[in-house]
Structure formats: C-alpha cells, structure tokens
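Here's a quick briefing to read with the structure open beside you. We'll take the whole chain to begin with, and then zoom in on a single residue.

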Amino acid sequence: MAMDGRGEVLTVLEVAGRIGLAEPVIAELRRIDESGETLSANGVEAVRGLTDPRRRVESWKTLKAELAGGGDPNGLRILYWMLYAAGRYTFPEYRRLGIPVSIFDATMGCFTRFVGEHRVSYGRYGFDRDFWTYRELSARLFRLGSLEFELAYDTADVPAVAGSSRVINVHIPSDASLDPAQCDRSFAESHSFLTRFFPDWTGLPYWCESWLLSPALERLLPEGSHILAFQRRFDIRETDPDAPDWREWVFQRCGAPIAELPERTSLQRNMKRFLLDGGKVGIGIGCLK
C-alpha cells in the first residue's frame, strides 16, 4: 500500500489480491503492469473520471474507445485500468468517508465474480462487465451482506415506473444467499449504512428489477423457495415478459435453442419445459413493501 496526496492508495495487484482474483488473471494483470502499459492524457483522465459520479458514464466510453484501438479481446486491459481506479481513487474515497474497508473488499469483489462468470459461460477468463462497474468505482453501489444497494440517480438506472428521480436499487449478485434471515440482515445493514454515510439518501424507496421478480416463477418453484420469499418482499408494479435475462442467470448465457438448453438443475428443467410450452419468463420491476 502506498501513500499520495489523497491518503492511502492500493496498486492494481494489491486490489486483485484483496478480492481473490484467480491466479491466471493476476498473472495477466502482472504482465500488463510490467509491460509499462500507458494511456493518453484523455485516457488517464477517463480512468479518474470512472470514480466521479458526474462523469463516470462519459469516462467509461472514452476509456473503452481508447483501449479498443490497441485490442482487448478478453477485456483484461480494461479490467486492469478499472482496478487501478479502484485502488487509486475509490479506496481513498472509502477512507475519506469512513466506510469500512471490508465493504470495499466485498463491493469490489464484483470484478472477481464477473471474471468467474465469464469463465463459466465461455470456458476462459475474461471481463465484459465494464459497462456496469463504474457504479462500484464511483462509490454509488455497495455490497452489504448478501445483497447490493445502488444509489441510483441516472435516468437509465431509475425505473420509469418509480416516478422519482432517485431511488435505492437492490441488486442480487449471482453468489448471493436468498435465505430470508440473510436478506433481512442485508436490508437492515443498508438502512444503517445510509443513515451513517449517505443521510440524504435515507427514506427513499427501494426498487428491484430482476428475473427473480418474474410472476412466472410462481409456476416453476416450490412454495418454500427462497426466491419466491424474496420476490414477495416487493410490490410488483411492472413486468416485461420478453426480457431475456433468464438466459444469462439461469442458463449461464447459453444461446442455444430452447429445446437444447441444459437441464442440470430443477429450475432449468422446469423453466425449459415452461418455455417449450410457450411460456415467458421475462422480468418484474417492484418496490419494496
């Protein structure tokens, strides 16, 4: 760990180690680091901008375009620079706000999770969620226990049905436990967290947009399902039966025709049968009751 004018900072490899990235990925990050990877002045400013809530989207697009020029087929170069931003700018912001470093580690664990999901889907390590992770880097999305909570203010991130310019978005990581007791703890922790660190966000409604809120799941899961218990926490206000999210989260991005989808789990089997019979899964959008 080093120090600069903003206080403690972490290197790319220090962040990678803290969040438990796989050794082959760390080895590639080390290779990039030792190669003397550099960016243009605009690229350097874009890396900093990833952590600025006002400039994060524009900065992501700028960085993405610059790296595309040199080739980044597996996304590990943009992963390198996002981890650089996490250690150089996001970590000091956590320290400034007084947010526990355990929450930093848990939140930045999204990079490890996304790299792992890429390997499950494609058989190789890679990173393709750069369109998402500026939320974590700008200290507006936090992992608190099983669940993630996002301070949402961009029009694209606030459900239109919410009728509000700011909401707390609830996200369910792929490794989350939906055990009711653990979810209770996450929601309770989120209230305490907001009260302590972001008091101007307290009292706002909690919204969730997910395949886990699809009404079709009532027909596919047993009554005691933790997924259904989670779904029933929300007042479903809108649905999109044609959303394809189920392919990513239930079938690990398998693009095969429905008849050829895998049947490794009971949910996969039930959903496949439901889809073959003409059913639709889609997503639900709901407000926490």
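How far apart are the mean positions of the positive and negative charges of the protein chain? They sit 1 Å from each other, with 36 positive and 40 negative charges in the chain. Keep in mind that this is a predicted model.

**Overall build**
- The protein chain has 11 helices and 8 strands.
- Its radius of gyration is 20 Å, close to the 19 Å that the globule rule gives for 289 residues, so the chain is as compact as a globular protein of that length.
- Picture a box of roughly 55 × 45 × 30 Å along the principal axes: the C-alpha atoms fill it.

- Of the 289 residues, 49% are buried.
- The chain's accessible surface is about 13,300 Å², and carbon and sulfur atoms account for 50% of that.
- Take the contacts with a separation of 6 or more: 64% of them link residues 24 or more positions apart.

**Zooming in on Ile285**
- You'll find Ile285 in strand 8, which covers residues 283-288.
- Is Ile285 buried or exposed? Its relative accessibility is 8%, and buried means under 20%, so Ile285 counts as buried.
- Ser210 is 75 residues away from Ile285 in sequence, yet their C-alpha atoms are 6.7 Å apart in space.
- Beyond its neighbours within four places in sequence, Ile285 is in contact with several residues, among them Pro159, Val161, Trp207, Leu213 and Ile236.
- Charged residues also turn up among the contacts of Ile285, including Glu209, Asp235, Arg237 and Glu238.

Definitions and conventions
Residues numbered from 1 in each chain as written. Predicted model: local features only at pLDDT ≥ 70, side-chain atom pairs only at ≥ 80, totals over all residues. Heavy atoms only, no water. Helix = DSSP H or I, 4+ residues; strand = E, 2+ residues; numbered from the N terminus. Rg over C-alpha atoms; globule rule 2.2 N^0.38 Å. Buried < 20%, exposed > 50% of the residue type's maximum accessible area, 1.4 Å probe, protein only. Contact = heavy atoms within 4.5 Å. Areas by Shrake-Rupley, 256 points an atom, 1.4 Å probe, with all protein chains shown as cover. Charge placed at Lys NZ, Arg CZ, Asp CG, Glu CD.
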